[in-house]
Amino acid sequence: MSGNDRPRRRYGGPAGTKGTRGDAGKRGTGDAAAAAKRDTARRANLPRRTAYDVLKAVRDREAYANLLLPKLLADRQLTGRDAALTTELAYGTLRGQGTYDAVLAACSDRPLDKLDPPVLDILRLGAHQLLSTRVGAHAAVATSVDLAKSVVGPRVSGYVNAVLRRVATRDLDSWLPIVAPSPATDADGYLATRYSHPRWIVTAYRAALGDAADDQVPAEASAEAIEVVPEADDGVAHDAERSGGAPPTELAAALAAGNARPKVTMATFPGGTPREDVMPPDAVPGRWSPYAFTLDSGDPAPLIDAGAAVVQDEGSQLAAIALYRAPLQAHAPLPDRGDAAELWLDMCAGPGGKTRLLAGLAAGAKAALVAAELHPHRAALVASALSRVSKFDQPPHEVIVADGTNPAWQEGVFDRVLVDVPCSGLGALRRRPEARWRKSEADLKELTALQRDLLRSALRAVRPGGVVAYVTCSPVPAETSEVVTDVAASLPGIEVLDAPAVFKEIPFVAAADPRFVQLWPHRHGTDAIFIALLRRGAENNAIL
């Protein structure tokens, strides 16, 4: 009998027979079991697929990972350990991209820039698991191959398998001497590869730290700040501090801190419910701001919904406090303020975090507050932030849509002005893992021109004897000390105040130029916030 003449098997029964109802029942049970197995596999792979979808959205449409990921976690019902694993994979891969690309380039027979972007994203995800977590090598490679088959198709699975198997032959500390420049001959190139930052950011951080860049981190500064986050409860033990402890120099520590996940920091409201009565039992009071506390775990939403606290970095809180503490000079006559003792301006107010804190501080000073924001949707966010604290007794505040470079107010009417200028955001890399790869040194030129215009406008807005706080979430000198020094020198009668003097309780707060405050994640556990205080001379009635 030829093969074509053989009876066909039907309904799962033996050759030459008809299936029975019992056979059909067995088949149904088998189908259900197979479906359940597929669903289990899909759920097991969902964290990796979700992390990949974040990488793809960041690449294709410049999405912000910290905004997209929470939505995907909710939509896909990923909670607990699965949510923690997804977060680690997405954020860790984005942060470590520079390091992983160096290793992948050494393991690939094709240039990385010639790969299809989805393939490169999958290789980066696999490299992160192999080099910076304790996921087993077999599991990391196998799940990456499965992801490649699902996303791209089977044609690339062999290539992904081969590259990642080569990556798995060494740990990260063994790869670095192979793929990174020698620290003896190219220190910044080595640090750029080891800590996964573009070289120009390493150079800019070195300039911001000044002579301290190659010094060891003072023990008093590093004891609490460098240990930013305990190991996540995600089932994946990971090595956030790749050096096995506090890095040896200030520059290395600053770069390492940009790869650590920060705790959730909250801010209470000045004049509202005392911090001790707001904090959950497991919360820890802030080190520097009297309104700050951090959460090791738990959901901050109930505190936010109740209006008792908001999420706000402690460095951001200190910027508002610096303006409040800065010394005014007397001047007569003062502009008319009605019933208010002082008039304050938040010039670039959106989305409203600092404005909210200023409103509480203004209440204590019996000051009225004007919050200006260029973009209407961000002005609405400011108004919303202030509406949550309206139940507290305070002088009036007003939110307006206005361009700080073309002001809607008269010159010389405000006692205090906060100008938290648009900036590169390079001081908050630990919160925005993709930001370092989106910025270039060329971007700073346009930004710094705007920053100078806004600072000049702020100095014009303040009365003689009044103060301006210039704030950036960037330590880069081109955006910080250089802007302040140039603008102060270009206008008559402007005094640069001793900003560190308003924070005598905070150690190591002075910038390389000691007139300014420069906070650092590795020193203070905050974002890298820069603060300068300037005062218009009491006798300076000239138009600036």
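How many of the five residues of strand 5 are buried? Five of the five are, so strand 5 is largely enclosed by the rest of the structure. Here, buried means under 20% relative accessible area, exposed means over 50%, and partly exposed lies in between, with a 1.4 Å probe and protein chains only.

## Ground rules

This is a predicted model, in which local features need pLDDT of at least 70 and side-chain atom pairs count only at pLDDT 80 or more, while totals for chains, interfaces and linings use all residues. Residues are numbered from 1 along each chain as its sequence is written, and side-chain values use heavy atoms, with hydrogens and water left out.

Helices (H or I, at least four residues) and strands (E, at least two) are DSSP runs numbered from the N terminus. Two strands pair if DSSP finds at least two bridges between them.

Let's return to strand 5, which spans 342-346. In a regular strand the side chains alternate between the two faces of the sheet. Both faces of strand 5 are covered: Glu342, Trp344 and Asp346 are buried on one side, and Leu343 and Leu345 are buried on the other.

Strand 5 runs parallel to strand 6 (residues 367-373), and five bridges join the two. Across that pairing, Glu342 stands opposite Ala367 of strand 6. Together with helix 16, strands 5 and 6 make a right-handed β-α-β unit; right-handed means that, with the strands pointing away from the viewer, the path from the first strand over the helix to the second runs clockwise. Strand 5 also pairs with strand 8 in the parallel sense, over three bridges, and there Leu345 has Val417 of strand 8 as its bridge partner.

Leu418 stands opposite Ala469 in strand 9. Strand 9 (residues 462-472) is mostly covered, with eleven of its eleven residues buried.

Strand 12 (residues 530-536) runs antiparallel to strand 9, and six bridges join them.

Another sheet is built from four strands in the order 2-3-1-4, with antiparallel pairing. Its edge strands are strand 2 (284-285) and strand 4 (310-311), each of which pairs on one side only. Strand 1 (residues 264-267) and strand 4 run antiparallel and are joined by two bridges; Ala267 has Val310 as its bridge partner in strand 4.

Helix 15 (residues 314-325) lies across strand 1 and strand 3 (292-295), running at about 30° to strand 1. For such a packing, contact means heavy atoms within 4.5 Å. Axes are lines fitted to C-alpha atoms, for helices over the stretch in contact, and angles run from 0 to 180 degrees between N-to-C directions.

## Backbone details to check

Which two residues does a cis peptide bond join? They are Gly350 and Pro351, with omega at about 5°. Pro351 sits in the loop between strand 5 and helix 16 (353-364).

Gln77 has a positive phi near 55°, in a residue other than glycine. Gln77 belongs to the loop between helix 2 (65-75) and helix 3 (80-95), and counts as exposed because its relative accessibility is 62%. Ser196, again not a glycine, has a positive phi near 55°, and lies in the loop between helix 9 (187-194) and helix 10 (199-209). Is Ser196 buried or exposed? Ser196 is buried, with a relative accessible area of 0%.
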